[in-house]
Amino acid sequence: MKASIGDVALKAGVSNATVSRTFAHPEQVSEATRIKVQAAADALNFSISRSAGILKSGRTYRVALLIGSHAIEWFTAEIIAGLNDVLRDAGYDLVIYPIEGTEARDAFFEELPVRNNADAVFVSSFGISPDEVKRLGTAKIPIVGVNTTSEGFDATVGIDDKEGIKLIVRHLAKLGHRNLLYLYESFSSTLGFSSYNRITGFQEACNTIDGMNARTLAVQKNDNIIDAAISEMMAQDNPPTALCFHQDSQAIPLFFRLQRSGLSIPLDISVTGFDDSTFAEEAELTTVRQKPYDMAVAAAKKALDLIEGRPVSEPFEIFPVQLQVRSSTANPRTTPLL
């Protein structure tokens, strides 16, 4: 196999962008770095014709990923891994921009078109306004959405969050549950996260089932969602028979808390999550499987096609979700919890 820019970067101990600059703009790189990169290129037989292609392209060999939080949770980590595995081999560096507050958001959308320092932008899991899409468009680079509800992107990948949570509701209803509680951490009102559709999907699904008593509970970010769940179980006259968590990482800690309280999942309460993330199978958590790594790989390939001016075979791609039934759900108990 021919060596890639990523191979040269790894051997030289520098970034992909530094390798690109070494060949495209050697005056911007120190002599020591140029020598190191050239030695790595020679050792790997990285051809002069390929480096000449870099020189002519005028590209930065850098792409931007916008995420809605400084915290890197399972979904975002999988997105980063999938993007990197494709883009690194193509010689691109991935730069992550947390867009958590209004100030950071405004700064990015104002400055990127001026700086022109990325060859593509990925927006992961939150919505951007038509005006922001327009401002990114002035940079004349591809904009690719990853599980976002906004329009105006050059390409998107994602899942149907509503359909995913409806699989959970139907499963619990089939088991006989008619008293459900959906728990989630409150969202930033300015970001418009795509997973909010799970909440509306939960309500829609429950409204179609006779006798279903369903509630949603938004837990403030600094409060403990497990404490809120236990309080709902113990304090209500008619407590829920199943707890539906917005994501697996919120559900799994409940297993350990209930064990210490002498309660059992699923004998005393059924519990579900969403993601099929790390430890979900080990915890025997009933959940909905999504594959963010696969979505990211597809998103990266679409971005490369757009950068190169190639046609994208499926620019707007929906990935399937799948219900994973495990032992955390069972028929509801028929006697009072306490």
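Predicted model: local features only at pLDDT ≥ 70, side-chain atom pairs only at ≥ 80, totals over all residues.

Biologist: Which residues of the lining lie nearest the centre of the largest pocket?

Modeller: They are S69, E73, F187, F193 and Q247, out of 30 lining residues. Among the helices, α5 (74-87) and α11 (248-260) each supply at least two residues of the lining.

Biologist: From which domains does the lining of the largest pocket draw at least three residues each?

Modeller: Domain 2 (60-159 + 292-319) and domain 3 (161-289). The domain assignment also gives domain 1 (5-56). The centres of domain 1 and domain 2, taken over C-alpha atoms, are 26 Å apart. Their contact takes eight residues from domain 1 and seven residues from domain 2.

Biologist: Why does D119 count as buried?

Modeller: Buried means under 20% relative accessible area. D119 has 10% relative accessibility, so D119 counts as buried. D119 lies in the loop between α6 (102-115) and β3 (121-124).

Biologist: What makes the pair of D119 and Y61 a polar contact?

Modeller: A polar atom of the D119 side chain lies 2.7 Å from the backbone nitrogen of Y61. The cut-off for N or O atoms is within 3.5 Å, with one atom able to donate a hydrogen and the other to accept it. The distance of 2.7 Å therefore meets the cut-off. Beyond its neighbours within four places in sequence, D119 is in contact with residues including R59, Y61, Y92 and I307.

Biologist: Why is S125 called buried?

Modeller: S125 has a relative accessible area of 13%, and the limit is under 20%, so the term applies. S125 is in the loop between β3 and α7 (130-137). S125 has a positive phi of about 75°, although S125 is not a glycine.

Biologist: And N147: what is its phi, and why does N147 count as buried?

Modeller: The phi of N147 is positive, about 55°, although N147 is not a glycine. N147 has 5% relative accessibility, which is under 20%, so N147 counts as buried. The loop that holds N147 runs between β4 (143-146) and β5 (155-158).

Biologist: Which omega goes with the cis peptide bond from I265 to P266?

Modeller: Omega is near 10° for that bond. P266 is found in the loop between α11 and β9 (270-272).

Methods. Residues numbered from 1 in each chain as written. Heavy atoms only, no water. 1 Å grid on protein atoms, 1.4 Å probe; cavity = no way out; pocket = protein on both sides within 12 Å on 5 of 7 lines; lining within 4 Å. Helix = DSSP H or I, 4+ residues; strand = E, 2+ residues; numbered from the N terminus. Domains from an automatic or database assignment. Buried < 20%, exposed > 50% of the residue type's maximum accessible area, 1.4 Å probe, protein only. Contact = heavy atoms within 4.5 Å.
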